[in-house]
Amino acid sequence: MIRNYGRPFPAGVIYPEAVYRIKGKGKILYLTFDDGPDPVSTPAILDILQAHEIHATFFCTGSKVLASPGLFARVASEGHTIGNHGFSHLNGLTTSIRAYCSDILRGRDITCSNLFRPPYGRLRVRQYRILERSMRIVFWDLMPYDFDRKLTADQSYSILLRRIRSGSVIVLHDTESSNAALYLDRFIQKALEEGYSFGSVDDYSLHG
């Protein structure tokens, strides 16, 4: 398996105007979590973020929001930014334009967010052009493969620590199978010691 820890390819080439890294704001890192809310992982992640008094961005899947509305409400009530990750977590490259866009719009209606992260980082040019009319499309600058069962939590942590840079939009996963919660506290503490602060991906960070 070939792993690409940086901005997704070929999206980074085809959609250069999308968000991958937020520059010019200082030594700030942007933690983002995909695929939740999840009854096991979400409370653990939220507890860690709350302990450090930092905010993150949760790109939520609409079907999981409907399954765990209380968890979704907790994410929002604790000051985190909500993003849309579609309703059914579809792969845009294997889904028709109409079905894909309909699914993403349904996710937007449930999450009430115009920030959109394409599941798998994959969508067709036509899908992108339709969705960008009403949404800000956010990819990532750094992925430590926390979902990869072939990597230990320590290996994923090391990848993350080696590759962070000012403005990095970091993608982790809010799922029981992810190992992110195992090293999240340690990573935040280390990043803070190295002079980083943390922000959420919102209109202010993108346009302020």
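A salt bridge is counted here when a side-chain nitrogen of Lys or Arg lies within 4 Å of a carboxyl oxygen of Asp or Glu. The model is predicted: local features need pLDDT of at least 70 and side-chain atom pairs count only at pLDDT 80 or more, whereas totals for chains, interfaces and linings use all residues. Residues are numbered from 1 along each chain as its sequence is written, and side-chain values use heavy atoms, with hydrogens and water left out.

**Figure 1. Salt bridge between Arg74 and Asp47.** The closest N and O atoms of Arg74 and Asp47 are 2.7 Å apart. Arg74 belongs to helix α4 (residues 69–77) and Asp47 to helix α2 (residues 41–52), so the pair links distant parts of the chain, 27 residues apart. Helices (H or I, at least four residues) and strands (E, at least two) are DSSP runs, numbered from the N terminus. Asp47 is partly exposed, with a relative accessible area of 40%. The terms for accessibility are buried for under 20% relative accessible area, exposed for over 50%, and partly exposed in between (1.4 Å probe, protein chains only).

**Figure 2. Salt bridge between Arg117 and Asp34.** Here the closest N and O atoms are 2.8 Å apart. Arg117 lies in the loop between β4 (115–116) and α6, and Asp34 in strand β1, so the pair ties together parts that are 83 residues apart in sequence. Both Arg117 and Asp34 are buried.

**Figure 3. Salt-bridge network of Glu17, Arg129 and Glu132.** Side chains of opposite charge can pair when their charged atoms come close. The side chains of Glu17 and Arg129 meet at 2.6 Å, N to O. This pair links distant parts of the chain, with Glu17 in the loop between α1 and β1 (28–34) and Arg129 in helix α6 (residues 125–131), 112 residues apart. Glu17 is partly exposed at a relative accessible area of 37%, and Arg129 is partly exposed at 29%. The structure holds eight salt bridges.

**Figure 4. Nonpolar surface patch of Phe9, Val13, Ile14 and Val125.** Together these residues have about 410 Å² of accessible area, computed by the Shrake-Rupley method with a 1.4 Å probe, where for residues only the protein chains shown count as cover. Patches are made of residues with over 30% relative accessible area and no salt bridge; like charges are joined within 9 Å, and nonpolar side chains (Val, Leu, Ile, Met, Phe, Trp, Tyr) within 5 Å. Val13 is found in helix α1 (residues 11–14) and is exposed, with a relative accessible area of 58%.

**Figure 5. Leu49 in the largest nonpolar core.** The core has 63 residues, and those with the most contacts inside it are Leu31, Leu49, Phe139 and Phe187. A nonpolar core is a set of buried Ala, Val, Leu, Ile, Met, Phe, Trp, Tyr and Cys residues joined through side-chain atoms within 4.5 Å. Helix α8 (residues 180–193) gives the most to this core, with six residues. Leu49 touches Leu31, Phe33, Ile54, Ala56, Phe58, His80, Leu184 and Ile188, not counting residues up to four places away in sequence; contact means heavy atoms within 4.5 Å. Of the 208 residues of the chain, 54% count as buried.
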